[in-house]
Amino acid sequence: MEEIINWIRSKNPDLDAEITGDTDLIESRLIASVSFLEFIGLLEELTGRQIDVTSLSVADFRTIDRINENFFAPVA
Amino acid sequence: MSAVSTIEWTEEFARAVRRLIDVSVDDYYNPYRTFEWPETITPDGLWMSRELLSVYGTAAEQELSHEQLVELSRWESVNLYSLIAHGIRELLIEVMRRIHTPGYEIPTPYFHHFIGEENEHMWFFAEFCLRYAGRIYPDRRMVFPTDERAPEMNNFIVFSQILIFEQIGDYFNAHMAADAKLPETVRAVNRIHHRDESRHIAFGGKLVKALFEEVRRTHSAEEVEEVGQYLRGYIDLIIQMLYSRDAYQDAGIANPTRFRAAVMADPARAAINARIIERTNNFYRRIGLFH
């Protein structure tokens, strides 16, 4: 998850607060619709799998815990 | 929602609407009879102008054979036309939400032509993809709830997104319509789209300018600055979508994710991307949003 947190920080250089597993990434606008495509690209690179966005909703990306659960846990 | 009921549509705007309606009526065509759809598109030539390919000017381009470039041009066409089809669906939803609602009495008569023409564009681009490639690429964007803002800001953003999308698409359409090396079917869909879009872009520019005046009247300088940043992000998003992992994969390029990252990061692309968005940046500088 470190790569994801680093990416979020790179998109939000003024962010001082810690990003925890349950930080709401959407409400806090840490991930925005305009950077979403890049974020999906990062997830695909990290997981090595193509992501079908049409089968997902905003809730699937809301927190680091949800992202971990949805995209990384099944591979293990 | 009567969010724009306070908008002061100028007489110049109303005149432009009437003029555009006249041209739409005069130029009306039956798209279902306009195009010849040959069984196949020339298999050994490019489907997209070489200088419009996402790899143009990059180190990666040098590594690709002519056959690979042809294959890539085929799938990058599918990507472009799929983006256009998805973009049209989204803009039609937004225009449908506003037609014949309070505040939109002046532009509404033109909305009827706009909706009709855009529906037809969506049809012929989708038809091209389905006939010659067997598929349309899925839309990989997602709308976030935090994108919602004050109604007048929302209206400005929605119509800005439509305009930005049309201007960037038109960069490609105009170029391909004029490229005599491309197959006639490719040139024809791009030519017709470019012709209709020149009206839509003229209308969109006037509409966005009026909506921006409303935003400036009702919002602080900081909020205006923030929406400017948001639209810059949107422009960047459209550029990113032109670099399609799906297209690289379908063209048979090994490790398409890494290939995409390398192509996007190639120094040669910055100047090319700047040219693609030049018209849009100039427009927003002219109305006073970009500095």
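Is B:Asn255 buried or exposed? I started there. The model is predicted. I counted 12 C-beta neighbours inside 10 Å, so B:Asn255 counts as exposed. The cut-off for exposed is 12 or fewer. I then looked up where B:Asn255 sits. It is in the loop between helix 9 (245-250) and helix 10 (256-265) of chain B. Its phi is positive, about 45°, although B:Asn255 is not a glycine.

**Entry: another positive phi**

I kept in mind that most residues other than glycine have a negative phi. I checked B:His100 next. Its phi is near 60°, a positive value in a residue other than glycine. B:His100 is found in the loop between helix 4 (66-98) and helix 5 of chain B. I noted 10 C-beta neighbours inside 10 Å, so B:His100 counts as exposed.

**Entry: chain B as a whole**

I looked up the secondary structure of chain B. It has twelve helices and zero strands. Read from the N terminus on, the elements run α-α-α-α-α-α-α-α-α-α-α-α.

I then turned to overall dimensions. The C-alpha trace of chain B spans about 60 × 45 × 30 Å along its principal axes. The radius of gyration is 20 Å; a compact globule of 291 residues would have one near 19 Å, so chain B agrees with that. I also took down the burial figure: 37% of the 291 residues of chain B count as buried.

What share of the contacts in chain B with a separation of 6 or more comes from residues 24 or more positions apart? I found 79%.

**Entry: helix 6 against helix 7**

I recalled that two packed helices are described by the angle between their axes and the distance between the axes. I began with helix 6 (residues 151-178) and helix 7 of chain B. Their axes come within 7 Å and cross at roughly 155°. The cut-off for roughly antiparallel is over 145 degrees, so helix 6 of chain B is roughly antiparallel to helix 7 of chain B. I logged the crossing of helix 6 past helix 7 of chain B as left-handed. By class, the contact of these two helices has 15 nonpolar, eleven polar and seven charged residues.

**Entry: helix 5 against helix 7**

I stayed with helix 7 (residues 184-218) of chain B and looked at helix 5 (residues 108-132) of chain B. They pack at an angle of about 150°, with their axes 11 Å apart. That makes helix 5 of chain B roughly antiparallel to helix 7 of chain B. Helix 5 passes helix 7 of chain B in a left-handed crossing.

I listed the contact residues. Helix 5 of chain B brings B:Tyr110, B:Phe114, B:Glu117, B:His121, B:Phe124, B:Phe125 and B:Phe128. Helix 7 of chain B brings B:Val189, B:His193, B:Asp196, B:His200 and B:Phe203. I sorted them by class: seven nonpolar, three polar and two charged.

**Entry: helix 4 against helix 6**

How far do the axes of helix 4 and helix 6 of chain B come from each other, and at what angle do they cross? I read a distance within 10 Å and an angle of roughly 155°. That makes helix 4 of chain B roughly antiparallel to helix 6 of chain B. I noted that the crossing of helix 4 and helix 6 of chain B is left-handed.

The helix 4 side of the contact is B:Leu80, B:Ile84, B:Gly87, B:Leu91 and B:Glu94. The helix 6 side is B:Val158, B:Ile162, B:Phe165, B:Gly169 and B:Phe172. I classed the residues of this contact as seven nonpolar, two polar and one charged.

**Entry: the end of helix 1**

I picked out B:Asp26. It lies in helix 1 (residues 11-26) of chain B. B:Asp26 has 7 C-beta neighbours inside 10 Å, so I put it down as exposed. I also looked up its separation from B:Ser77, 51 residues apart along the chain: their C-alpha atoms are separated by 30 Å.

**Entry: where chain B meets chain A**

How many residues of chain B are in contact with chain A? I found 18, in contact with 17 residues of chain A. The largest share of that side of chain B, seven residues, comes from helix 8 (residues 221-241) of chain B. By class, the side of chain B that touches chain A has nine nonpolar, four polar and five charged residues.

Notes. Residues are numbered from 1 along each chain as its sequence is written. Chains are lettered from A and ligands numbered from 1 in the order in which they are written. This is a predicted model: local features need pLDDT of at least 70, side-chain atom pairs count only at pLDDT 80 or more; totals for chains, interfaces and linings use all residues. Two residues are in contact if their C-beta atoms, placed from the backbone, lie within 7 Å. Helices (H or I, at least four residues) and strands (E, at least two) are DSSP runs, numbered from the N terminus. Ala, Val, Leu, Ile, Met, Phe, Trp, Tyr, Cys and Pro count as nonpolar, Asp, Glu, Lys and Arg as charged, and the others, Gly among them, as polar. Axes are lines fitted to C-alpha atoms, for helices over the stretch in contact, and angles run from 0 to 180 degrees between N-to-C directions. Angles under 35 degrees count as roughly parallel, over 145 as roughly antiparallel, 65 to 115 as roughly perpendicular and the rest as oblique. A crossing is left-handed if the near helix is turned anticlockwise from the far one by less than a right angle, and right-handed if clockwise. The radius of gyration is taken over C-alpha atoms; the globule rule is 2.2 Å times the number of residues to the power 0.38. A residue is buried if 20 or more other C-beta atoms lie within 10 Å of its own, exposed if 12 or fewer, and partly exposed in between; C-beta atoms are placed from the backbone.
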